[in-house]
Amino acid sequence: MPSRSLTDAFRSHPVHLHQKHLDFSSLQEIPDSHKWTQLDDIEQQHPSVESFITESVPVIDLSDPNILQNIGNACKTWGVLQVTNHGIPISLLESVEGVSRSLFSLPVQQKLKAARSPDGVSGYGVARISSFFSKLMWSEGFTIVGSPLEHFRQLWPQDYTKFCDVIEEHEKEMQKLARRLTWLMLGSLGITKKDLNWAGPKGESKEGGAALQLNSYPACPDPDLAMGLAAHTDSTLLTILYQNNTSGLQVLKEGIGWVAVPPIPGGLVVNVGDLLHILSNGLYPSVLHRAVVNRTKHRLSIAYLYGPPSSVQISPIQKLVGPNHPPLYRPITWNEYLVAKAKHFNKALSSVRICAPLNGLVDVNDHNSVKVG
Ligand SMILES: C=C1C[C@]23C[C@@]1(O)CC[C@H]2[C@@]12CCC[C@@](C)(C(=O)O1)[C@H]2[C@@H]3C(=O)O
Ligand SMILES: O=C(O)CCC(=O)C(=O)O
Ligand SMILES: [Fe+2]
């Protein structure tokens, strides 16, 4: 099969999303289209009991000498961590936040000039997973894969180059951090570059791919009736998330429920994605997470979704497989997995599973996505 870039992922599987674009800033009340009148199944099974929760997502200093052990524990027990001392200049993160703020504050008609097409990846629009719900989410998104130049030229005909420069610089820095984190996570499982088939003969790796997702969650008149971004896992190796100084991210911790991940100054959230779940043969489970909204504050988040080179087949690493640990997932490329996600949403991992779990249970992340409203 010819090698295809991430940009081509949805060519064969266009998603025609319900395109109702609101001017959130003018709304005093939530319209029916955005009112989540009924709790979805995931939330009913795992009620939020935040006031009693004492556990919190591990915060890991990347310069700590025990880094491998700390990262391994966090990936195994939480599937998510926050990192500090990560080397990304705060000024760069704030500049991307500035680009994002300028973008989302443009008039709706202007933003729609850079709308994502049904078979495309990049551009402005509602989250791709929106097609699984009858109600719309209280958010807007802008996805960037490759150069944002064409879209940015539509948005800011006069000064698009300065916005492109910020995104380019951010991509370079985040790519370095994402690679480093990937090798730390794999290293904590005893995996080195020579154990992976996409690393070259000297252990150098072919370039991974990435998507940048800018998310905007406007202040909401009735946050209890709205959903910022519905519960999902990321179809990545890992995702690095920057949040402005407003809470909203929650992760599901088995046996506890939804746990808030508050922004910490200078910190970045790192999620284990479905492809690392597959590579680690389920040892590092991808984390189910969602974003809730706020009555008074506009929240912005910037997700760097990192994955393998698009031609590479991802399957459980040989070293982690044996007679007592059969491979749980079949090989799949990133693009193929994105199509599986577009078809099966939170059952995508189960759709690539080849071996029934020994305890007879479904995958931890195999949640039902029930239509709401
Ligand atoms: C590479 C990708 C992962 C993603 C789909 C995408 O093609 C680009 C956007 C990503 C995103 C961000 C918001 C949540 C999410 C589920 C969605 O709808 O779009 C993820 C997708 C994913 O991880 O599956
Ligand atoms: O806004 C957030 O905190 C979550 C964003 C997210 O999960 C995503 O972009 O995949
Ligand atoms: Fe996510």
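A disulfide is a pair of cysteine sulfur atoms within 2.5 Å. A search of the whole structure, which is a predicted model, finds 0 disulfides by that criterion.

**Cysteines**
- C75 is buried, and its relative accessible area is 0%.
- C164 also counts as buried, at 9% relative accessibility.

**Helix 3**
- Helix 3 consists of 15 residues, residues 90-104.
- At 1.5 Å a residue, helix 3 should span 21 Å, and this agrees with its end C-alpha atoms, which are 21 Å apart.
- The buried residues L92, L93, V96, E97, V99, S100, L103 and F104 belong to helix 3.

**Annotated domain**
- An unreviewed UniProt entry lists residues 208-308 as "domain: Fe2OG dioxygenase".
- In the model, the span of residues 208-308 is 45% strand and 6% helix.
- The end C-alpha atoms of residues 208-308 lie 4 Å apart.

**Ligand 1**
- There are 15 residues around ligand 1, of which F10, R128, I129, D234 and S235 come nearest.
- R128 places a backbone N or O atom 3.1 Å from an oxygen atom of ligand 1.
- For I129, a backbone N or O atom lies 3.3 Å from an oxygen atom of ligand 1.
- S235 has a polar side-chain atom 2.5 Å from an oxygen atom of ligand 1.

Note on methods: Residues numbered from 1 in each chain as written. Chains lettered and ligands numbered in written order. Predicted model: local features only at pLDDT ≥ 70, side-chain atom pairs only at ≥ 80, totals over all residues. Heavy atoms only, no water. Helix = DSSP H or I, 4+ residues; strand = E, 2+ residues; numbered from the N terminus. Expected span 1.5 Å × (residues − 1). Buried < 20%, exposed > 50% of the residue type's maximum accessible area, 1.4 Å probe, protein only. UniProt positions renumbered as here; feature names shortened; annotations may be inferred. Near = heavy atom within 4 Å. Polar contact = N/O pair within 3.5 Å; in protein donor to acceptor, adjacent residues only side chain to side chain.
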